[in-house]
Amino acid sequence: MSENQRLLVKNAKQVVLICRNGEKFLNKDGMKSLSVIENGSVVIGRDGLIKAVGPAETISAQYPESSCDHVIDATDMCVLPGLVDAHTHPVWAGDRVHEFAMKLAGASYMDVHRAGGGIHFTVEHTRAAAASELLDALTRRLQRMLRAGTTLVECKSGYGLELQTEVKMLEVIEAARRSLPINISSTYCGAHAVPKGRTEAEATADVLQVQLPRLKELMSAGTLQAGRDMGLNINFHGDELHPMNSAQLGAELGALAISHLEEVTDEGIVAMATAKTAAILLPTTAYILRLPQPRARDMLDAGVIVALGSDFNPNAFCCSMPIVMHLACVNMRMSMSEALAAATINAAYALGRAHTHGSLEVSKHGDLLVLNCSRWEHLIYQLGGHQEILRYVVIKGNIVHDNDKTMQM
């Protein structure tokens, strides 16, 4: 090849493609047998896109090392797509560590809320915080996620509950998207809760008549470029604390994804499977709040597109998708293959990014992880051990995290 490439990852013991035929999602049996190349290599071009992936011998014949700017020798290592976190609330101010003690003592989510904590505590502090303070905190949180293998993350607003702060949060997310290597999908979540001093009707009117029209103006002006680039899709919280037929409603509206679903009904599961609305399940939330686990097995068996997210927020402080996958396997009875598919291609689908992210296929973004272990399953199996085995994080062919302190078992 005459054209120089940005990165060659060669001789990996396993290259986990996830899928190889341009699938936008996997469900049912497709999640149980992922596409894996033994002794494989990956080439990423200077445009940040994957140029070739296949057996090491084939790749070496087509792409000599001299044609690549950088080479990673992945002998005895594993390569897999960068992880996708499909649900986070990472923009906020105020420390809620004291609430964890309350929950351990038996307080429910609503008990904490009524005691002046929860979302309203965070709203008060986020409204008072300067945009620069929020951006600094967001940057640190996203860097932690990146070091844990997340290369594409969904970031919500939702701790403003009024126009000024919601816009401030979205602009902070946009600033992070422009300045950091991690890929960001931005979500407006202005109806996260009913603000103090307002009725549900008043809050709904404010979202519909004040906040959404202004957001449309900002996107038209290019201020919120990410939203304009992607278009607005429906992606909301549903059936978390009580069964409210949210799954059926979302399916009827053509929602791209619905999150939580701890209290989803049988009818909701069928509706989501039929509409191809993704279910973003959040193992950390049920774990921390001691809620019933989402019915992952019922959804998987029904053909629902199951994705995973960390639900990173002041109530569920988890930056690690490897830990999320481990919890999904143990508490929701998913297999490791199902969990990895849910944290890659299906999470990308839930964000409208399956055409660019979520698998190692030609023309997709060159986002990948290199693990210092003999089988990819160690990323999930070793609870909290990802920092010891995650050797490189690569985004668009650039090494954005180089961990030279990995250890063999």
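Reader: Which helix gives the largest share of the lining of the second largest pocket?
Author: This is a predicted model: local features need pLDDT of at least 70, side-chain atom pairs count only at pLDDT 80 or more, and totals for chains, interfaces and linings use all residues. Residues are numbered from 1 along each chain as its sequence is written, and side-chain values use heavy atoms, without hydrogens and water. Helices (H or I, at least four residues) and strands (E, at least two) are DSSP runs, numbered from the N terminus. The largest share of this lining, 4 residues, comes from H2.

Reader: What is the volume of the second largest pocket?
Author: On a 1 Å grid over the protein atoms alone, a pocket is an open set of points with protein on both sides within 12 Å along at least five of seven lines, whereas a cavity is a set where a 1.4 Å probe fits but cannot get out. Points are joined across faces, edges and corners, and a volume is the space filled by probe spheres set on them. For the second largest pocket that gives about 330 Å³.

Reader: Which residues lie nearest the centre of that second largest pocket?
Author: Lining residues have an atom within 4 Å of a point. There are 14 of them here. Helix H2 (97-104) and helix H11 (283-289) are the elements that give two or more. Nearest the centre lie Phe100, Ile288, Pro314, Asn315 and Phe317.

Reader: How many lining residues of the second largest pocket are nonpolar?
Author: Ala, Val, Leu, Ile, Met, Phe, Trp, Tyr, Cys and Pro count as nonpolar, Asp, Glu, Lys and Arg as charged, and the others, Gly among them, as polar. The lining has 2 polar and 4 charged residues. Its nonpolar count is 8.

Reader: Which class has 7 residues in the lining of the largest cavity?
Author: The whole structure holds 1 cavity of 30 Å³ or more. About 60 Å³ of space lies in the largest cavity, and its lining includes Thr151, His357, Lys364 and Asp367. With 2 nonpolar and 2 charged residues in that lining, the class with 7 is polar.

Reader: How far apart in sequence are the parts tied together by Phe25 and Tyr349?
Author: Rings of Phe, Tyr and Trp (its six-membered ring) pair if their centres lie within 6.5 Å; planes under 30 degrees apart count as stacked, over 60 as edge-to-face and the rest as tilted. The count is 4 aromatic pairs. Phe25 and Tyr349 are edge-to-face, at 5.2 Å centre to centre and 65° between the planes. Phe25 lies in the loop between strand E1 (5-18) and strand E2 (35-45) and Tyr349 in helix H15 (residues 345-350), so the separation is 324 residues.

Reader: Which residue lies over the face of Trp92?
Author: Trp92 forms one aromatic cluster with Phe312 and Phe317. A charge sits over a ring if NZ of Lys or CZ of Arg is within 6 Å of the ring centre and within 35 degrees of the ring normal. At 3.6 Å from the centre of the Trp92 ring, that residue is Arg141.

Reader: Is Asp311 buried or exposed?
Author: Asp311 is found in the loop between strand E12 (306-308) and helix H13 (321-332). Its phi is positive, about 55°, although Asp311 is not a glycine. Buried means under 20% relative accessible area, exposed over 50%, partly exposed in between (1.4 Å probe, protein chains only). At 3% relative accessibility, Asp311 is buried.

Reader: What is the relative accessible area of Lys276?
Author: Lys276 is found in the loop between H10 and E11. Lys276 takes a positive phi of about 60° although it is not a glycine. Lys276 counts as partly exposed, and its relative accessible area is 42%.
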